[in-house]
Amino acid sequence: MFKLDPKIFSPHDLQAIDLYSNLADYYAVKYDILKTKFPDAKTIGEIGVRAGGAAWTFLQACPEAEYHGFDMDDKQYGTLSNGEKFTDWAKDLLKDYNFTLHKANTQLIKSLPVDKKFDFIHVDGDHSKAGVMHDLELSIKSLSDDPRAFLLIDDYTHPQLPEVKAGVDEWLENNKLSTDCEFRKSWRGEMMIWRKVL
Ligand SMILES: C[S@@+](CC[C@H](N)C(=O)[O-])C[C@H]1O[C@@H](n2cnc3c(N)ncnc32)[C@H](O)[C@@H]1O
């Protein structure tokens, strides 16, 4: 049974503390999705790590997994209220797991900067339409050949981020011969995408 430990958030992460009850439900859905679809995932990737809340959640579902997060790690996305970087909190929070953070602007690269395929990738970085489509392209290329391997796109129905849905929908239309998808309702909407077994 998943329970979001409030201590995973920095006391200086005012946004997360404010949204704790929504996040508790939200992360519970993400935990359930990974635990149901691929409980023994060995490699987890994530584009957009922030303070590590989702990373921590996925590592509760698959504690032995090797996790690689990709984040531009730029203070333009805000900081903790004491001025520290969100990602520094994430590194400390997850130091007892097989957790590696890569500083990368994924919009400027053509493949994820690690020689690895992932059983599961959470896509939660740039939320523009073009940004989402680019990150989907990077992620599908880095997905492992296991038939259970899948991508999970955050914020698919976020009311303030309509470009996420626009980008995902257009990408799915462009890739409909080779991919399948499933939507699951949550606070901000989960879209799962995987390669069709042809
Ligand atoms: C919504 S937060 C991620 C939250 C995290 N997935 C969670 O649920 O705990 C978005 C993150 O994406 C990162 N980001 C935004 N644009 C990016 C880009 N082009 N390349 C890499 N990271 C990016 C930001 O730095 C920020 O940390």
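Trainee: Which residues have the most contacts inside the largest nonpolar core?
Mentor: L34, A55, F58, L59, A90 and F120 do, in a core of 55 residues. A nonpolar core here is a set of buried Ala, Val, Leu, Ile, Met, Phe, Trp, Tyr and Cys residues joined through C-beta atoms within 7 Å. Buried is 20 or more other C-beta atoms within 10 Å of a residue's own, exposed is 12 or fewer, and partly exposed is in between, with C-beta atoms placed from the backbone.

Trainee: Is this model predicted or experimental, and how are residues numbered?
Mentor: This is a predicted model: local features need pLDDT of at least 70, side-chain atom pairs count only at pLDDT 80 or more, and totals for chains, interfaces and linings use all residues. Residues are numbered from 1 along each chain as its sequence is written.

Trainee: Back to F58, what does it touch?
Mentor: Not counting residues up to four places away in sequence, F58 touches L34, I44, Y67 and H122. Contact means the C-beta atoms, placed from the backbone, lie within 7 Å.

Trainee: And helix 4, which residues are buried there?
Mentor: In helix 4, residues 86-93, the buried ones are F86, T87, W89, A90 and L93. They sit on the same side of helix 4, because they cover an arc of only 155 degrees around the axis. That arc is taken from the directions from the helix axis to the C-beta atoms. Helices (H or I, at least four residues) and strands (E, at least two) are DSSP runs, numbered from the N terminus.

Trainee: What covers those buried residues of helix 4?
Mentor: The cover includes helix 3, strand 2 and strand 3 (98-103).

Trainee: Does strand 1 pair with strand 2 in the parallel or antiparallel sense?
Mentor: Parallel, over five bridges. Strands pair if DSSP finds at least two bridges between them. G45 has H68 as its bridge partner in strand 2.

Trainee: What about strand 6 and strand 7, parallel or antiparallel?
Mentor: Strand 6 (residues 179-184) and strand 7 (residues 190-195) pair in the antiparallel sense, over six bridges.

Trainee: Why does D73 count as partly exposed?
Mentor: Because D73 has 19 C-beta neighbours inside 10 Å. D155 is buried, with 24 other C-beta atoms within 10 Å.

Trainee: New topic: which residues come nearest to the ligand?
Mentor: G48, R50, G53, A54 and G125, out of 17 residues around the ligand. Helix 3 (53-61) and strand 2 (66-71) are the elements that give two or more residues to that shell. Being near means a C-beta atom, placed from the backbone, within 6 Å.

Conventions:
Contact = placed C-beta atoms within 7 Å.
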